[in-house]
Amino acid sequence: MRLRWGVIALALIGLPALFFGMTAAFYAFAALGEHLFTGGGQVFSILTLMLLGVMASAGLLTIGDRKWGAAMQDRMGPNRANIGRFTLNGLPHFVADALKMLFKEDFTPTRASRFIYKLAPLLSFFPAVCLFAIVPVAPRVELFGVRVGLQVANPDFGILYLFAIASLAVYGTALAGWASNNKLALLGGIRASSQMIGYEVALGLSVVGAIIAFSTLRLETMVDLQSAWLWGGETAFDVGLPAWGIFLQPIGFLLFLTASFAETKRPPFDAPEGESEIVGYFVEYSGMRFGLFMISEYVEVVVLSGVLTAVFFGGYHLPFGESWLLAQVGPFWLACLQGMAFWLKMLLLVLLQLLIRWAYPRFRYDQIQSLGWKLLLPVGLVNVFATGALVLLDPELKLLALFGFLELGIMAMMVGIKRAPALAH
């Protein structure tokens, strides 16, 4: 018990320090790239944000998911992969998994469509990685004589880019089942494709409310607008209620989280991969091709958390005290603190997704379809109409915030209601 509390204390101190130093290093690396050539900061951010920030996090999640799931379910998790006499509590398991997939036999079915069979894992993996390109991790600051920010791309059509790239993943799923020339894989691919297409509508509607409230498609602009105050913020330490998306669009947040779970086929929406219901669409894949399907799910968890942070939780902005800190430490160190805040928010949302993954049983396929078409779609439409009306009545968004608090209260009451136990017959 003492060791466990010691690990928790170390994490509470070490993680913020790690994220702060990581943000400062990413800034320095981006400034170096900008000095080498114009636009080099964004190119170098691909190496830091997308390879280190996203891929390293996804790799660690492969072991963290299993260990935290074992802790929640009170069972033994992966703990046998150690180095010599050094007991590392099984942490090198993700290294062992990577080596296993790299050196495992690369099997290709004889009657498979070879080109499409090899293309399908890439179509599942690369869209998931590319989505993080538009997520702003920290603001633009001047460093070493150049102005840099921790964002790979900032297109005017930011949210539309998110939907366009995310929709490409369905091709990887469908083609993997079809190209394998396996009837069970084909059924799994059809099931997965219908699920992903069905929830894309709800996914789009969930963000329309935020687009109406902030009047922009660009994620960076949306994050900056969330630094405004709904109430308060006029004190010396900037204390008040910020215009975060979670206060303005709680229903949109819930819809986005639920639809994203279904899009990524994570439990409890993992019926396309559930061995108890049907063999998965990647049943004929082995080695690193199977590894691409597996790691893409964890990449999607990290990317989804980043998008949720940017749209609904103020992005890199602190909940209070930014103006005071700017006067105390200057713009660069404040930007590092804001980057630290972004990574911490993203980590908490990753933990929330893993908590849901291990807390709920798998839905039946008919339940998945009913939830998407009969509940999420109508609620999303009502949310869009209500948001538009309230923004027209009050462009300062205070009415929308009051409506959001009402929604949060109703959701809290629904969670707190206990269903009476069924009587035995």
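**Exercise 1: The second largest cavity**

Task: State how the residues of the lining of the second largest cavity divide by class, and which residues and elements supply that lining.

Solution. Step 1: the lining of the second largest cavity divides into 3 nonpolar, 3 polar and 3 charged residues, where Ala, Val, Leu, Ile, Met, Phe, Trp, Tyr, Cys and Pro count as nonpolar, Asp, Glu, Lys and Arg as charged, and the others, Gly among them, as polar. The model is predicted: local features need pLDDT of at least 70, side-chain atom pairs count only at pLDDT 80 or more, and totals for chains, interfaces and linings use all residues. Residues are numbered from 1 along each chain as its sequence is written, and side-chain values use heavy atoms, with hydrogens and water left out.

Step 1: the lining consists of Ser124, Ala169, Thr173, Lys265, Tyr281, Phe293, Ser296, Glu297 and Glu300. Helix H6 (169-179) and H11 are the elements that give two or more residues to this lining, and H11 gives the most, with 4 residues. Helices are DSSP runs (H or I, at least four residues), numbered from the N terminus.

Step 2: the volume of this cavity is about 70 Å³. On a 1 Å grid over the protein atoms alone, a cavity is a set of points where a 1.4 Å probe fits but cannot get out, a pocket is an open set with protein on both sides within 12 Å along at least five of seven lines, and lining residues have an atom within 4 Å of a point.

**Exercise 2: The largest cavity**

Task: Determine how much space lies in the largest cavity and which residues lie nearest its centre.

Solution. Step 1: a search of the whole structure finds 2 cavities of 30 Å³ or more. Step 2: about 240 Å³ of space lies in the largest cavity. Step 3: among its 17 lining residues, Leu131, Ala166, Leu203, Glu263 and Thr264 lie nearest the centre. Step 4: at least two lining residues come from each of H4 (114-130), H5 (158-166), H7 (183-214), H10 (250-264) and H11. By class, 13 are nonpolar, 2 polar and 2 charged.

**Exercise 3: Packing on H13**

Task: Describe how H11 packs with H13 and how H2 packs with H13.

Solution. Step 1: H11 (residues 287-312) and H13 (residues 331-359) pack at an angle of about 125°, with axes 8 Å apart. H11 is therefore oblique to H13; angles under 35 degrees count as roughly parallel, over 145 as roughly antiparallel, 65 to 115 as roughly perpendicular and the rest as oblique.

Step 1: the contact (heavy atoms within 4.5 Å) includes Val301 and Leu308 of H11 and Phe342 and Met346 of H13. Its residues divide into 8 nonpolar, 4 polar and 1 charged.

Step 2: H2 (residues 40-72) and H13 pack at about 40°, with axes 10 Å apart, so H2 is oblique to H13. Among the residues that meet are Leu49, Asp65 and Arg66 in H2 and Trp343, Arg357 and Trp358 in H13. This contact has 11 nonpolar, 2 polar and 3 charged residues.

**Exercise 4: The second largest pocket**

Task: Identify which element gives the most to the lining of the second largest pocket.

Solution. Step 1: about 1100 Å³ of space lies in this pocket. Of its 26 lining residues, Leu254, Thr258, Tyr360, Met411 and Val415 are closest to the centre. Step 2: H10 gives the most, with 8 residues. Step 3: the lining has 25 nonpolar, 1 polar and no charged residues.

Methods. Axes fitted to C-alpha atoms, helices over the stretch in contact; angles between N-to-C directions. Points joined across faces, edges and corners; volume = space filled by probe spheres on them.
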